[in-house]
Each structure stands twice: as C-alpha cells, then as structure tokens.
Amino acid sequence: MSFLIPCPHCGNRSVYEFRFGGEVKTRPQPEAPTEEWMEYTYTKANESGVQKEWWFHRSGCRQWLQASRNTTTNEVLEAFFPE
Amino acid sequence: MADSTEKFTFQFDGQVVEARAGDTVASALYRAGRRIFTRSFKYHRPRGLLCMAGKCPNCMMNVDGTPNVRACITPARAGMRVEHQNAYPSLDHDLLAAVQRFDWLMPVGWYYKTMTHEWSWHAAEPYIRKVAGLGVAPEAGGGSTDYEHAWMHAEVAVIGGGPAGLQAALELAQSGAQVTLVDDQPELGGHLRYRKQAGKVPAELIAQLRALSGVEIISRAYCFGLYEGNQLGVLQATPHAGAIERLIHLRAKRVVVATGAYEVPFTFENNDLPGVMLSTAVQRLIHLHGIKPGNRAVIVASVAQGDDVAVDLRDSGVEVVAKLAPHEVISGVGSSHITAVRAKDGEIACDLLVLCGQRVPDAGLLNQAGGKLAWNEERGAFLPVDLPANVSAVGEVTGAWMARATPHPPENIPYHKRAFVCLCSDVSTADLRDGISEGFDHIETLKRYTTLTMGPCQGRMCQLAGIGVCAHETGRSMGETGVTTSRPPNPSVSLGALAGPRHHPTRRTPMHYAHDESGAVWLDMGEWKRPRYYKTASCPDERACVDEEYRAVRERAGLIDVSTLGKLDVKGRDAGKLLDKVYTNRFSDLKPGRVRYSVLCDEAGIMLDDGTISRLAEDHYFITTTTGNLDFVQQWLEWWLVGTGWDVHITNLTGGRAAVNLAGPQARDVLQTLTACDLTTKAFPYMACREAEVAEVPALLMRIGFVGETGWEIHFPAEYGEYLWNKLLEAGKTSGIRPFGIEAQRLLRLEKRHVIVGVDTDALSNPYESGMAWVAKLDKADFIGRNALSRLSEAAPQQSLVGFVMNDDALPQDGAAILVDGALAGRVTSARYSPKNGKAVGLAWVVAKSAAIGMEIQIRVNGSTARARIVEEAFYDPAGERLRM
C-alpha cells in the first residue's frame, strides 16, 4: 500500500501520513429503530469499487477529510473537506 | 578499473587480504588466489565466482556481522571483517560436503516424503536446524545500526545507468523534466564499462547529463521494488562514511526502466564447479579490476558469440585453448576446481570455463508494476509487454540487441543429479524431471515443490533453464509454460536497512530531572518516561519503597507528577453541546468552577477513554484524557464536530502544561502555605475547580481524588514544572511529604476500586458491566453510544467487573485465571497487596452468574489455586469521607 491522497489543504501526500476513519455513513436519528442502529454500528458495505471514506491527515494539517477511493485499485478520485 | 596505486587491507577468516581502490570484496579475494567463495546450500559443494554482478548465490559471505552479503558487489573497505559461511571448518575443507554422497537419500520433495509423521519431524528437527539455512543472524543488538532512510521525489525516475538509461535521462532532462537516475554501479556506463567491444562509455553524454540542472544521479544504488503509485524502493550502498546502507523511498510521476539484461549459465554435469564462469564475469574481472582470471580457458558459446571474450582473455594473457558449442559439453571435471572439460571429442585441460550464456532481460520491476512477460522466440527470452501507464522500458530489458544462444525448449537436456539448474538450493535437471513426473508439471507448482527460483538469487540464474526443462518434459512451448511472478524485494534487502536507524522518540515531563535526583526508577508509558517509584536510602527494594510512598499519601501527604495526562482546552459557544454529544455524562448543566468525571463510548457502548472535565467559564472547558489516548480523543472530538457548524475550538495543551496531584490528610496545609486561594471544604468543596496562583505561578486547581484522599490536581505552565514541584516538596517538608510513583498510585486507586480504562477494561467493556452505570445519562436526548447503552442497561450482563479480597496471603498476578467449581470463570485485571486490608485486593472480570457479592471464587496463583471473596464496596473509605474532609 503506497498510494497518494490529494489532501485539499496540503496537496498530494503519502497514505502513511493519514489515519483511516472508515466508511462515510449517515448516523440514524436517536429514535430510529434498533435495526437501523445495529446496521449503522456493525455493518460495513466494504464496497468493491469506489467508496467514500473518512481520512484524518495526522502528519499534516490534522484535519478530517473525505475521499472517494477505488478499493480495488487504490486510486483516490477526489478528496475534500465536508461542509 | 581498480586503481593499482592505492592499496589497503581487510580481514578474511582472520587472514589479511590486500585490496585496491575500486575492488569489491570478491575481486580482492580472487586476486589474492581464493577460488572457493561459498559452499552450496544442500550438498555443500564448493562454489566460486559465477556472475560477478550480484545475480547468483555463489559468493555470499558474512561481512562485519551481517550474513548473506554478496561479496562480488560489496565494495571492499579498509579494516572490514569478512567471514565465510555455510562451511565447517573452512571453505576449502568442509566436513558437511559428505552430505552429497547421500544425495540418493534426499530426493526432490524430501521433507514431504520423509516427514510423514509428527514424531519424525520432532526427531529430525534439532539436527536439521543445525545444518539447514544460510548464514547466521547476528545476536540481538549485535548487528550494525548504521542504516538510514531518505525520502525523495522525482518527475521521472530512470533505473539503470547503461547506454539506454543515460540516453533516456539526457533526452528527458533536455526536454525540461526533473530526472533522478538510479544506477547500481560506482560509475555510469553499464555494460560498456567491461564489454569493450560493444562500444565506449559515452563520457561526453555523461558530462552533459551531469552539467544539467534538475538531474540527480544516485550511484551504487539498486532498485528492489516498484510499488503502487510509482513508489520505488532503492537501496544505496555506503552513501557516506557514517552509513553502510541507505534506503531511499523514491516517488516518481513516471518511471523509465533501463535495467538491461544479465547472462545465465548453461546446464551440464558439474556446471557448478569453481572456475566455471559467465563471460560477463570474466570481462568484469579483467576490465574493472585488472585481474587475469585464469591461465587456460575454454569458451562455451553458440555460433557468432564468444569472440569478444576471447579477445579480452588473450589480451589479459590467458591462453584460449578451445571454443565449444553448448551441446558439445558433456561435463566439467575436477573436485574443488575445474581442471578439464569433457567434450564430445575428448577431454580438454583448463582452469577456466567461460560460458557465453543466454542474456535475460532484468524485467522484475516491470513485472512488479503489472507488466506481463511474453515469450519471444526470436530473442529466446521472455520480454515485457502490456506496461502500465507512467512506466516504460528502454534498452536491452526490452529485448533490443538480444540474440538467442540456444534453442528453447532445449532439444536435449542432460539429466543428471549434478547438472544444476538452481544453484541456490541445489536443484538439478534430474530433480526437476522427478518433480514433473510426480505431477508437479505446472511451473508454479514445480517451483513450490522443488524450491526452484525460491533461493537468494530469486530465480535470476535458474528461471529460464527451469522453464526450459518444464516445457521439454511436458511437451509444451516456452510461452505456454510461462514465467513465475516477480515480487519485491528483488534483489533482497537487509533487514537492517528496512528497519532503518531505529529512532525512538522519548517524552520527558518538565519535572524529569527533579525525579532523577530523587532516585526515580523509570517506567516507559508509550513515549513518556514516568517514575515507577523512588528509590531512597531508607528502603531496600521496590516493595518497601512503594509501601513508604503509600503510607505518606494515606497518613501525611504525597506528590505525584501527572503531566503526562492529555490536556485539551475546549472553548466556544457550543462547547457544552459537543461534550454532551460525545461523553456519556452531562456537561451543559455543569456550573463554572465544578468538575465532573465521564467516560467516552463508541456507538456500540464500548468505553474508549475516561477523564475529568472542568468548566472554567460558560464557554470554556478543560478536559483531561488518559496518557495514551490524547491523540485519539482529540481526533474523536474533532470528527464529531465536522459538518456541525458549531462554535468550538479544541487546543491541545498537553506539552504546555505540567500537572501534579498533591494528596493526603495534610495536603491542604501544605498547599495553603503557597496560595491565597481558600482551600477549606466550604470554599473549595470536593469536585470543584479554581484558577489561582500557587507560589506565584498561575494554576488551575481541581479538587479530585483518584487516590482516595483529600487532594488537588494542579495544572500550570510547563516552564514552572520543576520550580513548583520543588516548592511543593519544600512546603511539605515538615509534614513529611513524599513524591510517589505509578506503582503506589495504582495501589492507592485499587483500594478505592477506581477503574483504569484500558487496564481494567478492554475492547468489550461497557459501563454497565464495569459497574459504572451512573456515568451513562440515558435521559440526554442523544449522545454517542446512547442507543447501544440503553439496550445494554436493560440486558442481563454477561460478565461483571468486581472487586475481590483474598482469603489468605496469596498475591495473584494481573491476568490470572479465575475458577468457579473448577471451570474457567474470568480473569484478574489488577491485584496488589493492600496494607489497609492486610491481604491482596483486586479487580476481576467474572461471569455474571458467579459475580454475586459475597461469592467465593478461586484464583490461579503460582500454579495452585487460592481462594478469594467478591466484595461490594471499596476496600478503603467506601463512603468517600476522606475525599470530602
């Protein structure tokens, strides 16, 4: 694993500067049914293809960003700070 | 060429060897008369120089303690200590060579065929371990540490400084690209440096290249891997006098591979004898090192080849007695060195057999990058095709100028137990035939069964010949048989180079040297150094010291350095809202000047960290985290902040603030002498905080009680760390104050049954099972983990974290197993001898049905079982009266 992530603040940087934060998911409403909470807490899509992920630029700007990564090629299509 | 004027010496097996500037270890030894350089892996056959290019396993030695160093490409240095390996007692007389008489006992797949029962392996293992393997790894800490790492970037990386690489680098640089040229030789020029008839080293081109800005040349560096994202692994030998190897992480937008080709030997009986040498090795000895390689040479070459090397040999004074075609050679003759070659027309005496072998593209990097290798009948080689974007190849690695030396697959294969295909692990043509006849007829299964291509040369010498045998035996073509996969690192890299210089960052608290003077015995906690306990003249051992420190806190006053706590300053209009969302406890209703404890859970209700949070003002909080979790907690808080638009600013103050905990019945008296802040319980109750000056140092005082006595945690600027530490000890002198360490603190908190998150809890622990239900405020509308915690609050617990007291004197270790009715029922997380109880006390996870108050459990202690009782309350001051005094 030695791909680059185009940090929107710092530019192209080695993946080793980042901490992986998992898939981007939508947190259910507090009163949502248990099944929805279980799905959110324990199930991962583990997409074979492009998925949106959280990354934290630990050795750089120390900010959380989201990136679209192709999990089969490790090509990062875009990275941005979520609004 | 080795400069004959400058000479120096090094040691080989205790003997002094003379070397000239430009020599490698192998060239110096060859000049000094050495012909056997190693013994083979399996049969301990004598082996001599074959490739002189670091591509074969025939000269691996131990250099300055590092095993398996290829002597032919390792520059000789004055004073180095070189030793042989894989032979006993010496290279010339190896007792283990007797093994080859029993080769009939060692067929291909010997392990699979012999070790058919578990006992047979156990019986054989001790003996096999003694003789198997190559080289001896240095003792822990015994190897060299002079390795370094470097990181570089290039627009274009050109790998190989031969004519094609030089030309490509020049053209790219002239077009304005920033070029990094990596070459494994001490000088540029590639094969033109020793294949004189192929042309002259383009000195003008090299000078032109050197003059261009934007060109960087890395010499004596080989590229061992081409990874994802055009990341190149480059290993440079002796980058400067202070380092033996430098690992360069080179990232390039484009890679041009110009690694050229190498020569491989022919297969015939005794083709491994010392004195059998590739033509390029002979040319290297002659032209790079000024060595006359032998006296009487026989050249083996297909038509039109071999003339160049014949000229070189005659020029250096070697008599060329015959030239044979590959199919005319029957066997080499000799025991420790070649003395003659047996050909179809009779025996020819010689001391040098020069093989003009097939040239093979050095295409490993291209294969690693995702390129395929396709058989080319005309060139007699597997050539790279289908290269990925941003990777290209130039020169001989593409098959340019290459000619087929022998037909492939071969028409006749000399099947013999001594006709070696793989020199690394002594795999012969006969072994391969046997493997194929046993059903391993696919090149990948044949490789795994016979270990062909799996030795230190990584298939360089044997792959083509092995494929040839496989194709011949199975009746398939070379292309159908295919190649095995190249994987990095190729060639091999020393573990020391990968490990690098081994820098371990260390963090010291502002009071570090004051602790040193007080006799601190250190404990590593992550990067931090913390006093485990203080060794003083009055206590003989750790237990006595800890006991003294414990008594000081319980009876008088104690002072501990807690500067390593994570400290986060949280400011902003929405700070309370964020803390309410992330922590399980409630903070928006906390009054300024008050402190509250909380844990931090994930969405599954698992406890991730704990700490205190002080509210300093309406919009200002101060968080402490456990020592190891600071980064995590800060990132966690910031993560939940993303996209909310809330007004919250989080600042890490850990390094900027020192912190101490002053605790004990006399703590108030000691502290009051240094501050104007009213410390009476009425003015400063338990779980309150105040900003005040202590000995004129601005400080935050928090009245909290981890150790179970009246006490204050004092946070203040790190610059005053040592000053205030000493000031507090001085003020407490008459009270009998003592500094105390981690060990006493752990005992003190254990008597209070205070849980340490991460020590007493793990990745499965929730607040309910940990006996901390009160910390989860389920009446809050929402917080991280609320859904899971509300479910857990209603579920029956699986296990419980309980306190226990031993029935007798036994002291269980942390982690000891707990038994109930002889069955495993849990484990101890912390246990210490409690002076208060006169017995050991502790915390343990126990399965729910056995965790009732008053139940008896058994704990494994020193191989037997000791009895203990589960208790409900803290072992010390259960009502917490002492905290509120």
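The model is a predicted one, so local features are kept only at pLDDT of at least 70 and side-chain atom pairs only at pLDDT 80 or more, while totals for chains, interfaces and linings use all residues. Residues are numbered from 1 along each chain as its sequence is written, and chains are lettered from A and ligands numbered from 1 in the order in which they are written.

Chain B holds 21 helices and 46 strands (DSSP runs numbered from the N terminus: H or I of at least four residues for helices, E of at least two for strands). Its radius of gyration, taken over C-alpha atoms, is 37 Å, well over the 29 Å that the globule rule (2.2 Å times the number of residues to the power 0.38) gives for 885 residues, so chain B is more spread out than a compact globule. Along the principal axes, the C-alpha atoms of chain B fill a box of roughly 110 × 65 × 55 Å. Buried residues make up 48% of the 885 in chain B; here, buried stands for 20 or more other C-beta atoms within 10 Å of a residue's own, exposed for 12 or fewer, and partly exposed for anything in between, with C-beta atoms placed from the backbone. Of the contacts in chain B (C-beta atoms, placed from the backbone, within 7 Å) between residues at least 6 apart in sequence, 65% join residues at least 24 apart.

On to the interface: 14 residues of chain A are in contact with 17 residues of chain B. Helix H1 (residues 34-42) of chain A gives the largest share of the chain A side, three residues. That side splits into eight nonpolar, five polar and one charged, where Ala, Val, Leu, Ile, Met, Phe, Trp, Tyr, Cys and Pro count as nonpolar, Asp, Glu, Lys and Arg as charged, and the others, Gly among them, as polar.

As for sheets, six strands of chain B make an open one in the order S37-S38-S39-S36-S30-S40, with mixed pairing (two strands pair if DSSP finds at least two bridges between them). Strands S37 (689-694) and S40 (738-739) of chain B sit at the edges with a single partner strand each, so one side of each is left without a neighbour in the sheet. S38 (residues 697-702) and S39 (residues 711-717) of chain B pair in the antiparallel sense over three bridges, with B:Leu701 opposite B:Ile714. The loop between S37 and S38 of chain B holds B:Ala695, a non-glycine residue with a positive phi near 50°. Elsewhere, S19(B) and S20(B) form a hairpin with two residues between them.

Two cis peptide bonds deserve a mention. One runs from B:Tyr88 to B:Pro89, with omega near 0°; the other joins B:Pro488 and B:Pro489, with omega about -5°.

Methods. Two residues are in contact if their C-beta atoms, placed from the backbone, lie within 7 Å.
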